[in-house]
Amino acid sequence: MPQQRPFAQVDVFTAQPYLGNPLAVVLDGAGVSDEAMQAFARWTNLSETTFLLPPTAEAAAQGADYQVRIFTPGLELPFAGHPTLGSCHAWLEAGGKPKNTKRIVQQCQGGLVQICRDGTRLAFAAPTLQRKNPSPGLLAQVAAALGLKAAQVVAAQTLSNGTDWMGILLDDRQTVLQLQPDHLALKHLGVKVGVASMPAATTQHGVASEMEVRAFAPMEGIQEDPVSGSLNGSLAQWLIEDEYMPKKYVVAQGTCVQREGRVHIEQDSNGQVWVGGDTVTCIRGTAAL
């Protein structure tokens, strides 16, 4: 028999409701089966839906404050960025008390994730990145599916930080904004693709952005992700290390799907990249699960 469980829908990477990336959060996922979690995520039809649980004993001993399970409409993810910030926002708003006042520690299938607070803005420590050059053949196929010419591609990497992306750096912002991907072709290639522009400042609502990003994940049932934290975290680690971007910058994402997401990137003195953004609750209630 389903029970009523506390529920919130949070908008992530925006301080203004309905301009970021929405996240469905079930605040008490105890006793919900994996199949029911996946079915609910398929029903919400958002890019991700999360379920909060107490941390495992092992994770709690390492400082974890809560555990999160992250589902797309099609599968479970070991880690994702906007669900990390949105889940933490909902957990804190529901009265969650972190063990450490300076850090919140989230357990997910990808491991423990550190989250810090700067006023009301949250930021997560980007997980360790593994990257390599993509195969020329696959890159050519992806570029063709995106409608790109070879001269428009500045650099490309296969990126993995708990979720896998092909990252492609393009020559300018307009190239990114004018893309009209063949989503079926991308789905058949079996890759998630994140495209980013070379630096060029733009301003909306008083927040300057140095980079435009778009994310395509049709293989997960998401043609275009409005704003992706995991992608921006892996892009930042690559682009800062290879000196395409400075150690601190702001990303605009969601422009082509009528959103105005802003992702705040900063590499600290220890080399850790932090991925931050504003969060706001849009819906509070219960869900029958």
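**Pockets, a cavity and a buried helix**

A pocket is an open set of points on a 1 Å grid over the protein atoms alone, with protein on both sides within 12 Å along at least five of seven lines, and a lining residue has an atom within 4 Å of a point. Two or more lining residues come from each of strand 7 (111-118), strand 8 (121-125), strand 17 (248-253), strand 18 (261-267) and strand 19 (273-277). The model is predicted, with pLDDT of at least 70 required for local features and 80 or more for side-chain atom pairs, while totals for chains, interfaces and linings use all residues. Residues are numbered from 1 along each chain as its sequence is written, and side-chain values use heavy atoms, without hydrogens and water.

The space in the largest pocket is about 340 Å³, a volume being the space filled by probe spheres set on the grid points, which are joined across faces, edges and corners. Its lining divides into seven nonpolar, two polar and seven charged residues. Here Ala, Val, Leu, Ile, Met, Phe, Trp, Tyr, Cys and Pro count as nonpolar, Asp, Glu, Lys and Arg as charged, and the others, Gly among them, as polar.

The second largest pocket holds about 210 Å³ of space. Of its 18 lining residues, D164, W165, G190, V191 and K192 lie nearest the centre. Strand 11 (164-170) and strand 5 (76-77) each supply at least two lining residues, and strand 11 gives the most, with three. Strands (E, at least two residues) and helices (H or I, at least four) are DSSP runs numbered from the N terminus.

One cavity of 30 Å³ or more was counted, a cavity being a set of points where a 1.4 Å probe fits but cannot get out. The space in the largest cavity is about 90 Å³, and E48, W165, D225, S228 and S230 lie nearest its centre among 16 lining residues. Helix 3 provides the largest share of this lining, three residues.

Helix 3 (residues 81-93) reaches 19 Å from its first C-alpha to its last, close to the expected 18 Å, which is 1.5 Å times one less than its number of residues. Twelve of its 13 residues are buried, so helix 3 is largely enclosed by the rest of the structure; buried means under 20% relative accessible area with a 1.4 Å probe, protein chains only. Just after helix 3, G95 takes a positive phi of about 105 degrees.

Definitions and conventions
Buried means under 20% relative accessible area, exposed over 50%, partly exposed in between (1.4 Å probe, protein chains only).
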